[in-house]
Amino acid sequence: MAPLPAFILVLLLSTLPSTSGLQLPKLSAPDLSRLSAPDLSQLDLSQLTLPDLSQLSAPSLSLQALPSQAQLKQLLSSLPSFSPPDGGWPQLSSLQQQLQLSLPPLPADPSWWPFLQASALGGHHVPFLPLAALAAALPPLLLLSSPLAYPAGNPYPPASPSEPTRYSPSLARAYYRNKPGLVLRRMLQLAFSGLPLGLSLLLDRRVFRRADDPSTQAVRAKQLLAFVERSGCTYIKIGQAASVRSDIINPLYAAELAKLQDRVPPFPATAARALLERALGRPLGEVFEDAAVFDRAPVASASIGQVYKATPRGGEPAAVKVQRPNVLNEIALDLFIVREFAPLYAKITRATTDLQGLADEWGRGFIQELDYVQ
């Protein structure tokens, strides 16, 4: 396709009076104002320098081949003094119509656009503050809804490679002190996830005065179970441990959380298969005779992993345990947050239990469970 300067030149020069076969790409002259010969086909356009095209009187211009872009620029530099002939350029409107017919049709306006346009023209504009609030809230909501990208490091690095990983609050504090963004995102995720339950408990106690009503407590216990299940493996483990501690939790809540002992949702089979292949260093079909079992639901699912029944090649059927993705980092981060906020929670609720000591007890047990070798 010719560049835009060439298209403009074609439109301008094609409307000039025409008689015989002058070929513009071959023109060369110091000044076209003196040209009137019927045949100028031997002239060379590369030498064209024109201050004025208004006096052009050549009998014919036949644009069979366009000049180069540099030559067109040279021509166009003199176009401001070019004036249309008497009667205008009748061919220009015809060319414009042809161009409009050759262009693809514009997409139709959405159904809501005429209404919005009419409202704006009538002075009824869309309220700015709601749109601004929505635009400001959308990025944080998208950020909170996306899964966390846990770092690859170990929050509890052992002293030597031969030693197992052990729970250590001091190591966790030193590790997460350099990752404030990760800690803040996880805290906001937990806050937004638990906000409905927290508001309900506050209204039950301060407004409706139904906090001690058994039917209300039964409803809140189900909400607590749902919050624990969607908050990840750490809170499932905490819920399992708290379900047998009626001294720190309401008995109705404990009964509901006891369902976590045998009702933990599994994680996707594709993730389990990828974790196994990465740990084994080769495809599962080379290790197990019935590798297809890892594409199906596990035979059991727990808070930190799930179990498949498979047969190694040349061996007997065995239970294959697969840990949840990023389980160590997830537990370490959640325990760090729980432990750091335990004193504030105890102050607000006036709890007499040593919640930090309880979090440390849970942490030692959780991390020890992750070691399938010991």
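## Cavities

A cavity is a set of points, on a 1 Å grid over the protein atoms alone, where a 1.4 Å probe fits but cannot get out. Grid points are joined across faces, edges and corners, and a volume is the space filled by probe spheres set on the points. This is a predicted model, in which local features need pLDDT of at least 70, side-chain atom pairs count only at pLDDT 80 or more, and totals for chains, interfaces and linings use all residues. Residues are numbered from 1 along each chain as its sequence is written, and side-chain values use heavy atoms, with hydrogens and water left out.

Two cavities of 30 Å³ or more are present in the structure. The largest cavity holds about 60 Å³ of space.

## Lining of the largest cavity

Lining residues have an atom within 4 Å of a point. For the largest cavity they include Tyr 156, Tyr 167, Arg 173 and Phe 336. Helix H6 (169-176) and helix H12 (327-349) are the elements that give two or more residues to this lining; H12 gives the most, with five. Helices are DSSP runs (H or I, at least four residues), numbered from the N terminus.

## Ser 231

Ser 231 sits in the loop between helix H8 (214-230) and helix H9 (233-242).

Beyond residues up to four places away in sequence, Ser 231 touches Arg 186, Leu 190, Ser 193, Glu 330 and Asp 334, where contact means heavy atoms within 4.5 Å.

Conventions. On a 1 Å grid over the protein atoms alone, a cavity is a set of points where a 1.4 Å probe fits but cannot get out, and a pocket is an open set with protein on both sides within 12 Å along at least five of seven lines; lining residues have an atom within 4 Å of a point.
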